[in-house]
Amino acid sequence: MSSITASDQASAKATPKAATKAKVIQPAWVRALHWTNAFAMVLMIMSGWKIYNASPLFDFTFSDSITLGGWLGGALLWHFAAMWLLMVNGLIYLALGLATGRFRKKLLPITPEGVLADTKAALTGKLSHEDLTKYNYVQKLLYAGIIVVGILIVLSGLAIWKPVQLQYLTAMFGGYEAARYVHFFCMAAIVAFMVVHVVLALLVPKSLRAMIIGR
Amino acid sequence: MGRLRNLLIPGVDKTLLLRDAVKTMPDLTRRRFISGGASLGALTLLTGCDVTDQFSAEEMLKQVSKFNDGVQAWMFNPDAMAPTFPESAITKPFPFNAYYSLDEAPEIEAKDWKLEVRGLVENKKSWTLEELYKLPQVKQVTRHICVEGWSAIGSWSGTPLRDFLQIVGADTRAKYVWFQCADKDGYNSPLDMRSALHAQTQMTFKFGDEILPRAYGFPMKIRVPTKLGFKNPKYVLSMEVTNDYKGGFWEDQGYNSFSGS
């Protein structure tokens with residue numbers, strides 16, 4: 001690690017263990033929640049595809065080989081079981097992200113100039129991954145954006161599940177049928193994010209290592 | 001595989017990696033969550049399920065579904081009405097949907113049909129269609145939501161089930177009203193008492209102001225706009241007020257039993 005962030009320097013003065021602490025890129029709670037989320041999301045997406053197939057919104061269905069549950073009833077059981085894991089894990093993540101200041105420190109500020117400059121750098125292959133503790137503006141935008149999508153997919157899912165008991169939420173999405181489309185497009189955004197995210201993690205393997213062992 | 005692993009995570013101590021990876025695996029968290037959920041579900045429903053059952057995905061999913069029954073019963077607000085729509089919003093044609101084709105739908109002769117009333121009720125007399133038609137009716141235009149995801153808006157008229165339960169002197173402290181139907185293979189479905197007593201839950205005799213057609217459940221269906229479509233039985237032959245969970249055609253195959261909207 002060639003550079004240390006300001007906050008890391010501050011903690012370096014405060015604690016004697018700083019030398020080892022400064023090396024941690026992804027703290028243990030982030031790693032645990034990240035992989036739990038990944039697991040829950042794969043279950044949700046694969047069972048969700050099977051549910052989609054029962055009444056497709058568009059002119060295509062998902063191949064059975066990439067769905068979960070075997071039939072609609074099985075897929076629903078998986079979906080409504082994994083939702084608890086996804087939701088509880090997600091809530092802990094949001095609470096800790098806000099409470100520890102991680103969201104503020106890692107994801108903010110996001111400026112249009114910064115995003116533009118880093119997008120250009122990324123496309124021309126000049127984006128540095130030297131310091132993994134600091135996200136570039138494209139990362140900031142995508143990571144903040146996917147948190148918003150994550151919140152939206154849970155809310156639209158609740159709106160579809162409980163259009164009577166949570167009818168005000170359903171109305172916020174423009175009604176039951178509209179909420180189905182929102183739920184679908186959030187899934188599409190998450191899948192697109194996952195593809196890019198996994199490809200980039202493989203291209204910069206030390207980032208994957210950091211998400212597994214922390215350093 | 002080994003080469004791939006080296007490629008992905010170069011220069012990593014394998015033992016350290018393994019130790020840390022195990023720590024971050026979701027499995028433990030999942031199991032703790034599952035057993036918590038399962039026992040909570042059992043408590044909520046007092047089903048006396050055995051959480052020491054050998055772990056299997058299927059058993060786990062069943063337990064979570066029971067837990068979800070409890071959560072939905074807790075979420076159910078008897079005063080929350082299903083949204084209603086203007087007549088112009090009615091879906092035309094309203095879809096026919098069943099596990100059989102329309103040709104195989106029950107053909108019931110009105111004069112041969114009687115609604116049987118059983119279980120925890122004071123008056124167990126059977127009702128002819130003529131007698132039922134004399135009861136006051138209410139119309140609703142609500143959204144029917146199928147477990148498959150699609151929805152359609154329809155117009156249903158009939159007698160609020162809670163009025164009928166009162167007339168027959170049903171013990172409304174009982175847990176369920178269980179319906180048996182004329183569909184081939186014997187359709188049946190349990191309805192929890194609180195949903196049965198909901199103001200919009202209806203013994204339906206008309207669709208779109210016309211006598212309920214065969215496609216939609218002649219002579220009587222139970223319209224429950226706070227439940228998914230499969231909890232709205234058609235071609236009803238009998239209702240039984242009971243404390244026993246008697247299962248249902250789809251419920252037994254794995255659809256969530258409460259399936260509230």
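How far apart do the C-alpha centres of domain 1 and domain 2 of chain A lie? In this predicted model, the two centres are 17 Å apart. Domain 1 of chain A covers residues 25-89, and domain 2 of chain A covers residues 101-215.

The two domains of chain A also touch each other, and this meeting place can be described residue by residue. Twelve residues of domain 1 are in contact with 15 residues of domain 2. On the domain 1 side, the elements that give two or more residues are helix H3 (28-54) and helix H4 (72-99) of chain A. H3(A) provides the largest share of that side, with six residues. Sorted by class, the domain 1 side has eight nonpolar residues, three polar residues and one charged residue.

Next comes a pair of helices in chain A. Helix H7 of chain A spans residues 137-161, while helix H9 of chain A spans residues 176-203. Their axes come within 9 Å and cross at roughly 145 degrees, and the crossing is left-handed. H7(A) brings A:Leu142, A:Ile146, A:Val149, A:Leu152, A:Ile153, A:Ser156, A:Gly157, A:Ala159 and A:Ile160 to the contact. From H9(A), the residues that take part include A:Tyr176, A:Ala179, A:Arg180, A:His183, A:Cys186, A:Met187, A:Ile190 and A:Phe193. Counted over both helices, the residues of this contact divide into 15 nonpolar, three polar and one charged.

After H10(A) comes A:Gly214, and the phi of A:Gly214 is positive, near 95 degrees.

Chain B contains seven helices and ten strands. It has 261 residues, of which 38% count as buried. Where do the contacts in chain B with a separation of 6 or more come from? Residues 24 or more positions apart account for 68% of these contacts.

Methods: Residues are numbered from 1 along each chain as its sequence is written. Chains are lettered from A and ligands numbered from 1 in the order in which they are written. This is a predicted model: local features need pLDDT of at least 70, side-chain atom pairs count only at pLDDT 80 or more; totals for chains, interfaces and linings use all residues. Helices (H or I, at least four residues) and strands (E, at least two) are DSSP runs, numbered from the N terminus. Domain bounds come from an automatic or database domain assignment. Two residues are in contact if their C-beta atoms, placed from the backbone, lie within 7 Å. Ala, Val, Leu, Ile, Met, Phe, Trp, Tyr, Cys and Pro count as nonpolar, Asp, Glu, Lys and Arg as charged, and the others, Gly among them, as polar. Axes are lines fitted to C-alpha atoms, for helices over the stretch in contact, and angles run from 0 to 180 degrees between N-to-C directions. A crossing is left-handed if the near helix is turned anticlockwise from the far one by less than a right angle, and right-handed if clockwise. A residue is buried if 20 or more other C-beta atoms lie within 10 Å of its own, exposed if 12 or fewer, and partly exposed in between; C-beta atoms are placed from the backbone.
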